Each structure stands twice: as C-alpha cells, then as structure tokens.
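Colleague: I've got this model open and would like a close look at how one part of it is laid out. Could you walk me through it in one go?

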Amino acid sequence: MNLGSVIKKGIGWIIAHGLYILILGVFALLPFFLKNPYYIRILIFIGIYIILALSLNLINGYTGLLSIGHAAFYGIGAYSSALLTLRLGFPFLIALPASGMIAAIFGYLIGKPTLRLRGIFLTLCTLGFNIIFVLALVNWESLTRGPLGIAGIPLPKIFFHTFQRQEHYYYLIFFLVLFTVASIYQLIHSRFGNALLSIREEETAAEAVGVNTVHYKMAAFIISTFYAGIAGSFFAHYIRFISPDSFTFWESFTLLAMLAIGGQGNLVGPMIGAFLLIAIPEIFRFLADYRMIFYGLVLIFMMLFRREGLFRHRIYSLRIYPPWEKKEEAPQYLVRDKFLTDDPFKETTDGISKS
Amino acid sequence: MEFLKVNSVTKTFGGLYALKGVSFSISEGEIVSIIGPNGAGKTTLFNCINGILLFLEGEVLFEGRSLNGFKPHEIAELGIARTFQVTRLFGKMTILETMILGQHYHLRTGIWSALLRPRWVSVEEKEAREKGLNILALFGERLLPRINEFADTLSYANKRRLEIARALASEPKLLLLDEPTAGMNPHETEAIITLIKKIRDSGITVFIIEHDMKVIMGASDRIIVLDHGEKIAEGTPVQIQNDERVIQAYMGKRYHHAST
C-alpha cells in the first residue's frame with residue numbers, strides 16, 4: 001500500500017465519520033463555552049437519563065419485552081453505591097461497577113422466573129418489584145434511613161483527582177455515556193443483537209432457528225439492569241443525597257415516556273427522548289405547574305400521529321460516503337456472474353452443500 | 001436405526017384428539033409428503049416434531065435419539081429446520097440479517113467477543129454473509145436485489161422463499177416444509193418443486209405438508225395421509241391415488257366410486 005492510498009483512506013474515514021466527530025467535539029468542548037453551571041447541570045441530567053433510556057431500550061426496544069419498573073434498578077445502583085462508599089469505605093472507582101453488578105444480580109433474580117414465560121409476566125413483575133423496592137427503602141430504616149434518605153455521600157475520587165466542580169462531573173458522565181453508547185452499539189451489531197431482534201420480531205421462529213430465547217432474554221435484561229445500576233451510582237455521587245422519592249414508579253414512567261417520544265429499537269431515539277424530556281420541562285419552567293399538562297399533551301400527540309416515536313425501528317447511520325467510496329449494495333457479482341441463467345435453479349446447490 | 005421415527009404420538013387439545021397414535025418413519029435422503037383434509041393434524045404433527053408443542057404420549061426419535069423434552073432451539077441444533085404455514089419472518093430485520101440469523105448456532109460470537117471484536121468476529125461475519133447470499137442465490141433474482149430491505153416489505157411468495165432460505169441457512173439434516181407453495185402461481189410452484197429436489201440431492205431429507213397435488217405427486221417419494229389425527233394411509237404416490245380410504249377422506253363416502 002502506498003502513501004497516497006493511505007492518505008485517501010484516512011480522509012475517507014474522516015469524511016465518513018465527520019458528523020460523529022463533530023457531535024463528539026461539540027459536547028467535549030461545551031463546558032468551555034457554557035459558563036453557567038445551571039446549563040451544565042441540565043446536561044449532566046440528560047446524560048444520566050440517556051444511559052437509563054438506552055438501557056431500557058435494550059429490553060423494550062430491541063428484545064421486545066416490556067419492563068415498566070426500570071427505576072428500581074436505577075435505585076438499587078444508587079443505594080448500593082451510597083452504602084458501599086459510606087458504610088464500607090469503598091472507593092468510587094470500585095463502587096461504580098460494583099453497584100452495576102448488584103443491580104444486575106437483582107435483574108437476574110427478577111428475570112429468572114419471569115423470562116421463561118411469554119406475555120405480561122415480566123411487566124407485572126417489574127411493576128411489583130418497583131413498588132416493593134420503594135416500600136423496602138422507606139421501611140428498612142436501619143439500612144436506608146427510610147424516608148430521610150442517605151446524605152453526605154462522599155465526592156467521587158478517581159486516583160488522586162476528586163470531582164468537585166460541575167465540569168468534572170460533566171466529563172465523567174460524558175465518558176459514561178460514551179461507554180454506554182459504544183458498548184450497546186457493539187452488542188446490537190453482532191450475533192447477539194441479531195438474536196435479540198429476532199426475539200422481538202417472532203419468538204417462535206427464532207426458537208425454531210436455534211436461538212435460545214430464554215438465555216438471550218436473560219442476558220439482555222441483566223445487561224440492561226447493569227447500565228441502570230451504573231447510572232444510579234453516578235446519580236448518588238453527583239447529588240450526594242438520595243431518598244426513596246427518586247426511584248418511584250413515576251421515574252419508571254418518565255423513562256418509558258422517553259422511549260415513547262424518542263422511539264425505540266434504535267440508538268438515536270432514546271437519546272433524543274431523554275434530551276427532550278429533560279430539556280423541555282426546564283425550558284418551560286416559567287409555566288410552573290402547567291408544565292405537566294404540556295407533558296401530557298406531547299404524549300397524546302405522539303400517540304395520535306407518530307406512535308413509533310420520532311425515530312422508528314431501524315438503524316440510523318450518520319455515515320457519509322465520500323465520492324470515491326461506493327455505498328454498500330446487493331452484491332451484483334452473485335447475480336450476474338454465477339447464477340443469472342435461464343433456469344434460476346440451475347447448478348446452484350453450492351449454497352446448501354454440507355461442508 | 002431410522003432417521004426420523006414418530007412412534008404413536010398422541011396430542012390432545014382439551015378433549016379433542018389432534019393426533020391419535022400416529023406412527024411412521026422416514027429414512028435419510030427421502031422426500032416425504034404429508035397430506036390430509038383441513039384440520040387433520042398435519043401442522044400439529046410438525047409442531048410436535050419441532051418441539052413447539054408438548055405431547056403426552058408417544059415418542060419422536062431423530063437419528064435414534066428421543067426428542068421428548070427437548071426445547072425447539074435444541075431440536076434445531078440437532079439439525080431439524082422448519083418453515084411455517086403462516087410465514088413467521090422477522091419483519092423489521094433485513095433479509096441479509098435474517099439469513100445470518102438462520103446460521104445462528106453455527107456462529108460463535110458471544111457477548112464478550114461482540115464487545116471486544118477480535119479479528120475472527122469480522123471474519124466470521126463476512127463468511128456468514130457470503131453463505132447467506134449463496135443460499136439466497138438459489139432463488140435467482142427474487143431475493144438477492146432486496147437484501148437490505150425489511151422482510152415485511154416482501155411479497156407473499158417471496159416471504160415463503162425467504163422462510164425456506166432461512167431454514168436452509170441452518171444447514172439442517174431434516175427440513176420440515178409447511179405448505180411451501182401456498183400463494184404461488186403454477187410456474188413458481190414448478191420452480192419450488194425443482195428446488196425441493198435440489199435440496200434433497202444436496203443431502204437434506206425433506207418432509208413436506210402440501211395441498212398442491214402437483215407438488216405431492218411430482219416431488220415426493222412417499223406420502224403419508226392423515227385424517228382426524230390418524231394415519232389412514234402411507235405409500236408411493238400411485239398407491240395413495242388409488243387408496244379407498246384416502247378417496248373417502250377427501251371426497252366423502254358416497255362419491256368414492258367417482259374415481260374409478
């Protein structure tokens with residue numbers, strides 16, 4: 001390979017991913033231009049909800065199950081991170097993945113009995129779990145201090161750097177969102193993601209093709225609850241005060257509304273949904289209590305005119321094709337050279353030969 | 001050892017007998033058809049072999065191994081693939097994705113390898129893609145130009161073709177086809193008959209439910225006739241054509257002399 005083609009390839013890559021690089025760059029540099037900490041605070045919350053919405057999307061959007069108690073796992077992450085750091089003195093860097101793991105363990109316990117069955121069992125069970133979880137938080141005072149909540153959660157500290165300013169938190173959540181998006185992207189664009197889609201579309205056929213549907217549903221559920229736990233851990237260390245109020249059923253509903261508005265079954269929709277549902281109430285803060293009416297109206301309009309949400313089931317790509325790079329198409333060589341004869345079935349058994 | 005042996009399988013829905021002590025066997029490399037009036041239990045039989053339905057009595061043996069208690073995906077891994085009477089395609093998946101999914105259990109990528117993507121993952125994906133395209137090429141230009149479209153945008157006949165292609169992608173030893181030519185015109189049916197014979201020639205045993213007599217008489221080596229959940233006849237196409245009980249089941253008793 002000569003230098004010219006390498007450069008051409010490099011430029012092609014930059015053009016192809018130009019929009020991604022631009023978006024990343026804008027968000028990476030935003031704190032330098034946005035001096036008002038209030039805006040950064042909103043952006044941090046959008047980040048938390050992007051992680052939550054994307055994780056719920058893995059269950060509801062890609063696997064086609066319906067979990068309506070996702071806030072419980074968010075809460076488990078928050079409480080376990082708070083308790084691990086406060087009571088056991090864990091450093092933040094260990095508490096963050098550990099709280100994700102603890103949430104995933106609960107996800108396993110909920111999923112194990114319900115995901116074997118089809119139908120609404122998972123939905124009912126997650127709903128019940130969310131309610132029970134909040135009741136347990138309120139009443140198990142020796143562990144959770146009940147409705148008083150847990151205060152004084154230590155500042156997150158990674159090696160020798162302590163997070164104090166809003167910008168620090170911004171970059172932490174920026175990194176966590178990147179991690180979430182990248183890992184879910186990898187998962188979805190693989191054999192694993194393909195299996196999840198097939199379960200959503202036609203579970204019986206997926207089984208008949210050889211997909212172990214129970215296994216994949218469990219995996220999707222556990223992975224999803226892991227991300228929710230991570231988001232909860234960050235939330236606990238950011239707000240530094242958690243109480244049962246933050247993890248009630250309404251929180252789960254907000255997440256579902258994000259998917260309903262943004263659209264599910266793709267990566268863009270939940271992000272847009274999270275952005276809109278966090279940003280819009282802030283923008284319309286001057287309307288005070290009428291905000292909720294607006295909120296409801298938006299949902300009604302969505303249900304009436306675009307039920308799938310802004311972005312539908314589909315892979316949205318921001319990839320741009322440079323002029324010298326052809327867009328991927330059906331491989332014509334197969335049609336033209338080998339198989340296009342008068343008899344479409346003539347001499348074409350190599351595809352099914354047992355090799 | 002028989003390739004597939006169905007041993008007095010009885011399946012009831014409530015008090016209704018859908019299958020009543022059905023027994024037969026299929027040897028390797030055969031094309032066997034199963035016919036019978038509507039409601040005779042043909043699809044139920046497929047569902048029992050395939051593991052979608054559980055039955056209380058009897059046994060299904062595949063290559064000498066009892067399939068009782070196996071889950072559908074385990075049976076698929078043993079090498080039994082099927083299509084469905086009412087097409088069950090993955091609507092919002094592209095045709096190419098469907099074909100790659102068909103090879104699911106031959107591929108190795110798991111959660112960790114999907115996340116980290118070592119080199120063999122992309123090699124495996126490329127191979128799966130090419131194999132999928134090669135199978136789609138069996139159907140000439142019907143499916144190949146549409147590989148990046150969603151399966152639910154296909155026409156009815158193309159959906160049937162894609163179901164067969166998906167089943168073939170899993171490299172089955174036994175292929176169960178549930179009315180593969182429903183909704184196709186005579187010319188297309190002809191092509192499917194050719195295809196079924198080709199599939200058999202490549203070493204796959206084919207078991208078909210069919211209503212189209214042209215397919216049954218033209219393609220099958222042996223025919224099994226079901227009526228009200230019971231096997232009433234079994235034999236070569238010529239034997240079945242002249243079988244009293246088959247004519248009765250289809251035409252009714254009064255008219256059985258009409259065929260002579």
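How far apart do the C-alpha centres of domain 1 of chain A and domain 2 of chain A lie?

Modeller: Bear in mind that this is a predicted model. The C-alpha centres of those two domains of chain A lie 34 Å apart. As for the bounds, the domain assignment gives chain A a domain 1 made of 1-33 + 325-355, and a domain 2 covering 37-311.

Helix α4 of chain A takes in residues 70-86. With 17 residues, α4(A) reaches 25 Å from its first C-alpha to its last, close to the 24 Å you'd expect at 1.5 Å a residue. Helix α4(A) is also mostly covered, with 15 of its 17 residues buried.

Now for Leu52(A). If you skip its neighbours within four places in sequence, Leu52(A) is in contact with His70(A), Tyr74(A), Ala228(A), Ala231(A) and Leu255(A). Leu52(A) also turns up in the largest nonpolar core, which has 161 residues. Those that touch the most other members there are Ile51(A), Leu52(A), Ala53(A), Ala231(A), Ala274(A), Leu136(B) and Ala165(B). The largest share of this core, 15 residues, is supplied by helix α11 of chain A, residues 213-239.

The contact between the chains takes 38 residues from chain A and 52 residues from chain B. On the side of chain A that touches chain B, the elements giving two or more residues are α8 (166-188), α9 (191-201), α10 (203-209) and α15 (332-339). Helix α9(A) gives the largest share, seven residues. By type, that side of chain A divides into 18 nonpolar, 13 polar and seven charged residues.

One last stop in chain B is an open sheet of four strands, ordered β2-β1-β4-β5 with antiparallel pairing. Strands β2 (16-26) and β5 (65-66) stand at the edges with a single partner strand each, so one side of each has no neighbour in the sheet. At the β5(B) end, β4(B), residues 57-62, pairs with β5(B) in the antiparallel sense over two bridges. If you zoom in there, you'll find Phe62(B) opposite Arg65(B) in β5(B).

Definitions and conventions:
Residues are numbered from 1 along each chain as its sequence is written. Chains are lettered from A and ligands numbered from 1 in the order in which they are written. This is a predicted model: local features need pLDDT of at least 70, side-chain atom pairs count only at pLDDT 80 or more; totals for chains, interfaces and linings use all residues. Two residues are in contact if their C-beta atoms, placed from the backbone, lie within 7 Å. Ala, Val, Leu, Ile, Met, Phe, Trp, Tyr, Cys and Pro count as nonpolar, Asp, Glu, Lys and Arg as charged, and the others, Gly among them, as polar. A nonpolar core is a set of buried Ala, Val, Leu, Ile, Met, Phe, Trp, Tyr and Cys residues joined through C-beta atoms within 7 Å. A residue is buried if 20 or more other C-beta atoms lie within 10 Å of its own, exposed if 12 or fewer, and partly exposed in between; C-beta atoms are placed from the backbone. Domain bounds come from an automatic or database domain assignment. The expected span of a helix is 1.5 Å times one less than its number of residues. Two strands pair if DSSP finds at least two bridges between them.
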